[in-house]
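Open the model in your viewer and keep the selection tool at hand. This tour goes stop by stop.

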Amino acid sequence: MTLTAPARHRETQDGGTGRPGTEGGPDGRTRDADGLAVASFVLGLVGLLVMNILLGPAAIVMAVLALVRSTTRRGRAWLGLALGIADLLVLALLVTGNGAVFWNFGG
């Protein structure tokens with residue numbers, strides 16, 4: 001006959017829902033918010049060159065979500081927000097200058 005120790009109740013970060021990291025711990029929401037901050041930065045940067053009509057608003061939305069979710073990468077989220085706004089400004093300048101949504105490098 002073997003004796004085993006009684007099962008102990010383990011405290012979780014989420015208050016007992018069984019999903020780790022839903023309270024904003026390093027595994028859950030904070031990590032998701034950090035990913036959103038990085039994604040907004042990358043989309044805003046790429047949006048300066050191509051598809052700024054789509055990537056600019058996407059960068060803005062992701063940056064705002066990252067800031068609302070209290071990301072640890074706040075600087076990157078703010079840069080993503082600024083680049084998303086810059087994407088829309090570049091688009092506005094191109095539309096008013098060329099009268100079209102497209103542009104090219106050639107003469």
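Which elements cover the buried residues of α1? Helices α2 and α3 are among what covers them. Keep that in mind as you go. What you have open is a predicted model.

**The whole chain**

Start with a cartoon view. The protein has three helices and zero strands. Read from the N terminus, its elements run α-α-α. Now colour by burial. Of the 107 residues, 27% count as buried. Then think about contacts between residues with a separation of 6 or more: 60% of them join residues 24 or more positions apart.

**Stop one: helix α1**

Select residues 29–47, which make up α1. Its 19 residues should span 27 Å at 1.5 Å a residue, and the end C-alpha atoms are 26 Å apart, which agrees. Next, highlight the buried residues of α1: Thr30, Ala33, Asp34, Leu36, Ala37, Ser40, Gly44 and Gly47. Look down the axis.

**Stop two: helix α2**

Move on to residues 52–68. This is α2, with 17 residues. From first C-alpha to last it reaches 24 Å, close to the 24 Å expected at 1.5 Å a residue. Show its buried residues: Asn52, Leu55, Gly56, Ala59, Ala63, Ala66 and Leu67. Viewed down the axis of α2, they fall within an arc of 105°, so they line one face of the helix. The spacing has a simple background. An α-helix has 3.6 residues a turn, so residues three or four places apart point the same way.

What do the buried residues of α2 pack against? They pack against α1 and α3, the latter being residues 74–98. The face of α2 turned away from its buried side carries the exposed residues Leu54 and Val68.

Stay on α2 and pick alanine 58, which lies in this helix. Is alanine 58 buried or partly exposed? Its relative accessible area is 26%, so alanine 58 is partly exposed. Alanine 58 and serine 40 are 18 residues apart in sequence, and their C-alpha atoms are 7.2 Å apart in space.

**Stop three: the loop after α2**

Step just past the end of α2 to serine 70. There the backbone takes a positive phi of about 60°. Then select threonine 71, in the loop between α2 and α3. Threonine 71 is buried, because its relative accessible area is 5% and the cut-off for buried is under 20%.

Show the side chains here. A polar contact of 2.5 Å joins those of threonine 71 and aspartate 34. Aspartate 34 is also one of the buried residues of α1. The side chain of threonine 71 also reaches the backbone nitrogen of arginine 73, at 3.1 Å. Which residues does threonine 71 contact, leaving aside its neighbours within four places in sequence? They are Ala33, Asp34, Ala37, Ala66 and Ala77.

**Last stop: a charge and a ring**

Select arginine 76 and phenylalanine 41. The charged end of arginine 76 sits over the ring of phenylalanine 41, 5.7 Å from the ring centre. How many aromatic pairs are there? The count comes to zero.

How values were computed. Residues numbered from 1 in each chain as written. Predicted model: local features only at pLDDT ≥ 70, side-chain atom pairs only at ≥ 80, totals over all residues. Heavy atoms only, no water. Helix = DSSP H or I, 4+ residues; strand = E, 2+ residues; numbered from the N terminus. Expected span 1.5 Å × (residues − 1). Buried < 20%, exposed > 50% of the residue type's maximum accessible area, 1.4 Å probe, protein only. Arc of directions from axis to C-beta. Contact = heavy atoms within 4.5 Å. Phe/Tyr/Trp six-rings, centres within 6.5 Å; stacked < 30°, edge-to-face > 60°. Lys NZ or Arg CZ within 6 Å of the ring centre and 35° of its normal. Polar contact = N/O pair within 3.5 Å; in protein donor to acceptor, adjacent residues only side chain to side chain.
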